[in-house]
Amino acid sequence: MSQIITDGEKTVYPILFEVRYGQMKSINCFLYKNGNTLTLLDAGIDMPAFHEFFFGKLAEYGFRINDIDQIILTHHHGDHTGMVNHILAVKHVPVYAHPLAIERLHLTENYQLQKRDFFKKLYENYGCSHLAEKRLAKLAKTMKNSERLRIKTDIIPLLDGDIIDDFKIIAAPGHSPDSILLHDTKTKWLFAGDLVLYTGTTSALVDHDEEGRLLPTVMQYKQSLENCLHYNASMVFAGHQQPFSNLQEITQRNLERVSFQLQRIINKIADGHETALSIAYAIYGERTEKEFSIIMSEIIGYTCYAEEKGLVRKEMDEDGWHFFVNERYK
Ligand SMILES: [Zn+2]
């Protein structure tokens, strides 16, 4: 499923880098040729094996770095931005992303301090600071290396509704606050970032707004998925796993997963698992410690979502929030 796809003047050259860890299956980016313009959509991960693969694919498709005219990023995560600085070192090209991606890509001091304080406080509130050391150390490491890691050019903002090339930009927050979809209005190709994946294992990662407040990520994610049900897509190119043509069916599957995860957490709370950690251990056992940040993202995100829906309420105790199922949902 990683073959070249052509429609008139346009061609998509997929770069699907297989990975064995987690559920991602592959880290994807795409070369998109429209007439004489070559766009790189997302930019992979910054690690030697990916470099080699990326340059190999570029050569196989008959391109060189110098042929790339612009880069568009679907969101700021590190497995979508890895080659940007390497390309910029060879050729200066415009880089586009959602406005909320800008300080995240530039790793501004202000943003990083806010992020660190946000996660410190968050894990305290959810009674899991003792497991958060690794996660916080990782943030500190990024901060220390931010000069090297930051994207070294101005980012041109792409807003919901903007048109670039034949792409219509669709804001799709949830997986991250800065997620966008690119919908080619002529070919109906949809570049979906990490919103909707073929096997439905994407997630809404905990994040904060510009004031440092917890975002309603699961609610945003569900809304963005529901919007997907209305798009006319002939082919969907996602950030991981294989491209697919049945957007509605795959989106429905992703939405079912949201309902399943919500119900699972409510059931655990109803069983007397009051704290975020107790819920996490009840579902994931020891994996909770190994995959701390992704699992806590899920528990925090879904307990918030359940609270927003009036299904649960929470009370602060000395070991953080305790959750209770509201009477009428028991
Ligand atoms: Zn991502």
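In the predicted model, Gly 193 stands opposite Ala 238 in strand 12. Strand 11 (residues 189-193) and strand 12 run parallel and are joined by 4 bridges; two strands are taken to pair if DSSP finds at least two bridges between them. Helices (H or I, at least four residues) and strands (E, at least two) are DSSP runs, numbered from the N terminus. The two strands belong to an open sheet of 5 strands in the order 8-9-10-11-12, with mixed pairing. Strand 8 (163-164) and strand 12 (235-238) are the edge strands, each of which pairs on one side only.

Residues are numbered from 1 along each chain as its sequence is written. As the model is predicted, local features need pLDDT of at least 70 and side-chain atom pairs count only at pLDDT 80 or more, while totals for chains, interfaces and linings use all residues, and side-chain values use heavy atoms, with hydrogens and water left out.

Ile 164 lies in strand 8. Ile 164 has 10% relative accessibility and therefore counts as buried, where buried means under 20% relative accessible area, exposed over 50%, and partly exposed in between (1.4 Å probe, protein chains only). Apart from its neighbours within four places in sequence, Ile 164 is in contact with Gln 70, Ile 72, Tyr 96, Leu 158 and Ile 169; contact means heavy atoms within 4.5 Å. A separation of 9.1 Å is computed between the C-alpha atoms of Ile 164 and Leu 182, which are 18 residues apart along the chain.

The zinc ion has as its protein donors His 75 (NE2), His 77 (ND1), His 175 (NE2) and Asp 194 (OD), at 2.2 to 2.4 Å. Donors are N, O and S atoms within 2.8 Å of the metal (3.2 Å for Na, K and Ca), and sites may look incomplete because water is not among the atoms. Along the chain, the donors follow the spacing H-x1-H-x97-H-x18-D. His 75, in the loop between strand 5 (70-72) and helix 2 (84-90), and His 175, in the loop between strand 9 (167-171) and strand 10 (180-184), are 100 residues apart and link distant parts of the chain. Both His 75 and His 175 are buried. The arrangement is irregular because the 4 donor atoms subtend angles of 86 to 176 degrees at the zinc ion. Four donors count as tetrahedral if all angles lie between 85 and 135 degrees; four count as square planar and six as octahedral if opposite donors are over 155 degrees apart and all others between 65 and 115; anything else is irregular.

Two residues with positive phi were examined. Asp 42, not a glycine, has a phi of about 65 degrees and is placed in the loop between strand 4 (37-41) and helix 1 (48-60). Asp 42 counts as buried, at 4% relative accessibility. Lys 188 has a phi near 70 degrees and is found in the loop between strand 10 and strand 11. With a relative accessible area of 28%, Lys 188 is partly exposed.

The whole structure contains 0 disulfides, a disulfide being a pair of cysteine sulfur atoms within 2.5 Å. The sulfur of Cys 128 is too far for a bond because the closest cysteine sulfur, in Cys 304, is 12 Å away. Cys 128 is buried at 0% relative accessibility, and Cys 228 is buried at 0%.

The domain assignment, automatic or from a database, gives domain 1 (5-106 + 150-245) and domain 2 (117-141 + 258-329). Their centres, taken over C-alpha atoms, are separated by 29 Å. Between the domains, 15 residues of domain 1 are in contact with 13 residues of domain 2.
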